Amino acid sequence: MVIRGACTLRKRQVLLFFVLLGLSQADTQSKRYSVAEETEIGSFVTNLAKDLGLVVEEMSSREARVVSDDNEKHLHLDLRTGDLLLNEKLDREELCGSTDPCVLHFQVVLENPLQFFRAELNVRDINDHSPTFLDKQILIKISESATIGTTFLIENAQDLDVGNNSLQNYTISPNSHFSIKIQENEDGKIYPELVLDTALDHEQEPELRLTLTALDGGSPPRSGTTLVLIKVLDINDNVPEFVQSLYEVQVQEDTPIGSSIITISAKDLDTGNYGKIWYTFFHASEDIRKTFEINSISGEVNLRSQLDFEIIQSYSINIQATDGGGLSEKCTLLVKVLDINDNPPEMTISSIAKTIPENSSETLVALFSVRDQDSGDNGRILCSIQDDIPFILKPTFKNFFTLVSEKALDRESRAQYNITITVTDFGIPRLKTEHSILILVSDVNDNAPAFSQTSYTLSVRENNSPALHIGSVSATDRDSGSNAQLTYSLLPPQDPHLPLASLVSINADNGQLFALRALDFEALQAFEFRVGATDRGSPALSSQALVRVVVLDDNDNSPFVLYPLQNASAPCTELVPRAAEPGYLVTKVVAVDGDSGQNAWLSFQLLKATEPGLFGVWAHNGEVRTARLLSERDAARHRLVVLVKDNGEPPLSASVTLHVLLVDGFSQPYLPLPEMAPERAQADSLTVYLVIALASVSSLFLFSVLVFVAVRLCRRSRAAPLGVCSVPEGHFPGHLVDVSGTGTLSQSYQYEVCLMGGTGIKEFNFLKPYIPNPEAHDTGRNMGDDENFGNSFGFSGR
């Protein structure tokens, strides 16, 4: 983007608007102050705070400063008092030369809001310079034939002071031949002329020495003198004549030293020595004598020192041609210095902001002024900055510009800007000046923390050790410094019954999650909670993420046998008729495992049997069946130990003991268990058979009645007296899992076995299932006599 200076109106149609806006912010009337030159440093000039109608505190708060047009620090503003003081001794002659009055222009700049006040300081002249003659001796050749009243030009004196302190009068030492006549140039400067009052006589006085005194108008006056040497010559009646009275020449300021500028020529009609002409500068200032020189014989004018258009634009040189007889004539040489583009633009930074906050627009970054000492197109200025940055240049007052942000900045997109201000003139070749400004964008807390994931799933195996590291959450913040420092925390759970504070904790600095206590899969399989990340900005910003913790099952629960019950007061006995065919269902071992998955897969195994090979256990469902036909030789009482084992690693197991009693029929009295009648077990088997045969015939009817009554009583009362074993009806608690997937105990195999206590011989009642299973009975009836028939059921027996 490019903005031209005050003299460039093509780039922006709104430039005039901004110029008028800057002028509206400045005081339309300049403040005028005066001070004498050579006044001591620190001398009081004025109180700016009072002149501008401001309180002293505003001078400091609004960063008041004084900016001179020549960028020199002539003045100093004391912000504590509002006094404007001299920063250096001012030499009026050095600052302004012969210009009168000598006025230094400066501006008072105030910020917040931006204001300009124009002012000027008049440096008054004091009489600190005496008139001086550049030549210690002035030689004048006068013919003795000169008539009375003839005037002769004399070199004038130089006085750097102005006004009344400048050169005012000339006097000459008393003599009988000459007097002084004062003349005035077109520029108002006086010069002396020597007037012949009485005729000269070369033979009487071939030479005269007079003292010429120059006086200024100061108080007290100062003076300077020089010696005037007058040589009386013989008669010379022709004066030199120039071809033209005015010579004009144009010289570029970069012309090399020693170059010839022009040759001045004059003619004299006299012959001999009277016809010879010598050329000299006449009434030439010190600047002219330092810059040019003339060949007294040829009249060639050469350059003695470098020209500078920015200091002096033209020279008016008086050249005098004098012949050998002392007659002279003058002409004027006008030298015009042509400007070249030899001065690059100058830029002065008045104020600069190194850091600006993001999210703020129209922020003042820098205030600066520009100038170019060249003229014309060489002095026209164009200011510009890069196109790809959100900053613009605005003209304010005269040659002042401001650099401001065009829109709100975003530190996260770009944290700093290297702005190059380029000031270019329109000369040939074009010269430019560049100044780089590094602007840092300070951070504002405008970005909330962001988690790497919206949700996290963590796994932890049950029975973990307390304070176990189970995972981490991570969030980032695009801001910087304290605005990017994050603190992690657990948010209140949505489930009010979840004791989150006793389950997990989080490291506030790095987001690491820890299990505070051992978890139990059987009590809690998974739980969810939210974590928050909050930065340390003001105001603080935060975000949330969902964390799901999945508890993995461990094989920490042994199988639990539901049936037959192992804690009954009396063991349960299963009755099996001796006429049972192979595959006859004796009972079913029902067990559950509190674990899940393969840790809850149960298998059944016949661990120990009184008579191996007689019974078998189905490995997958725990059914105990006969493996072959029963015979009279098989023992009446059998003790089976069934092992229930899960599929965990390492596997856990439980065992259950079954008591099986073989009977010839349901009318056979219940035989006491081996543990209850050890002596009878050793009785003669033939006697037992005879007793059973006699009793069975006589007691058949009575036994049937007793069985019927016993069944009715068992169904009505679930709390059986000593000697009664029952299987609980209904479903088992919900936390017990049936490995077959059909319930706690298959309805096809729910039995009630009631053992009635009595004297020594107990009766029994074998009841059918609550819901008969025809398929099971059909299967039993259709089995063959094959001894290996039990193997087809997958029995495991010994």
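User: Among contacts between residues at least 6 apart in sequence, what share join residues at least 24 apart?
Analyst: In this predicted model, 69% of those contacts join residues at least 24 apart.

User: How many helices and strands are there in the protein?
Analyst: The protein has 52 strands and ten helices.

User: And how much of the protein counts as buried?
Analyst: Of its 798 residues, 44% count as buried. The protein exposes about 41000 Å², and carbon and sulfur atoms supply 52% of that area.

User: Which residues touch the most other members in the largest nonpolar core?
Analyst: That core has 28 residues. Phe292, Val301, Tyr315, Ile317, Ile319 and Leu333 touch the most other members.

User: Which strands each supply at least two residues of this core?
Analyst: They are E17 (246-252), E18 (260-263), E20 (277-282), E21 (292-294), E22 (300-303), E23 (314-323) and E24 (328-338).

User: What does Leu333 touch, leaving out residues up to four places away in sequence?
Analyst: Leu333 touches Tyr247, Val249, Ile262, Val301, Tyr315, Ser316, Ile317 and Ile319.

User: New topic: strand E48. Are its faces covered or open, and which residues sit on each side?
Analyst: Both faces of E48 (residues 623-626) are covered. Glu623 and Arg625 are buried on one side, and Val624 and Thr626 are buried on the other.

User: Why would side chains go to two faces?
Analyst: In a regular strand the side chains alternate between the two faces of the sheet.

User: Which way does E44 run relative to E48, parallel or antiparallel?
Analyst: E44 (residues 585-588) and E48 run antiparallel, joined by three bridges. Thr587 stands opposite Val624 of E48.

User: And how many bridges join E47 to E48?
Analyst: Three bridges join E47 (residues 615-617) to E48, and these two strands run antiparallel. Phe615 has Thr626 in E48 as its bridge partner. E47 and E48 form a hairpin with five residues between them. In the turn, Gly622 has a positive phi of about 75°.

User: Last topic, confidence. What pLDDT does the protein average?
Analyst: The average is 79, and 81% of the residues score at least 70.

User: Where does pLDDT stay under 50?
Analyst: One such stretch is residues 1-27, for which the model has 63 contacts beyond four places in sequence. Over residues 667-683 the pLDDT is also below 50, and that stretch has 30 contacts beyond near neighbours in sequence. Where pLDDT is low, the predicted coordinates should not be read in detail.

Key. Residues are numbered from 1 along each chain as its sequence is written. This is a predicted model: local features need pLDDT of at least 70, side-chain atom pairs count only at pLDDT 80 or more; totals for chains, interfaces and linings use all residues. Side-chain values use heavy atoms; hydrogens and water are left out. Buried means under 20% relative accessible area, exposed over 50%, partly exposed in between (1.4 Å probe, protein chains only). Helices (H or I, at least four residues) and strands (E, at least two) are DSSP runs, numbered from the N terminus. Two strands pair if DSSP finds at least two bridges between them. pLDDT is the predictor's confidence in each residue, from 0 to 100. Contact means heavy atoms within 4.5 Å. A nonpolar core is a set of buried Ala, Val, Leu, Ile, Met, Phe, Trp, Tyr and Cys residues joined through side-chain atoms within 4.5 Å. Accessible areas come from the Shrake-Rupley method with a 1.4 Å probe; for residues, only the protein chains shown count as cover.
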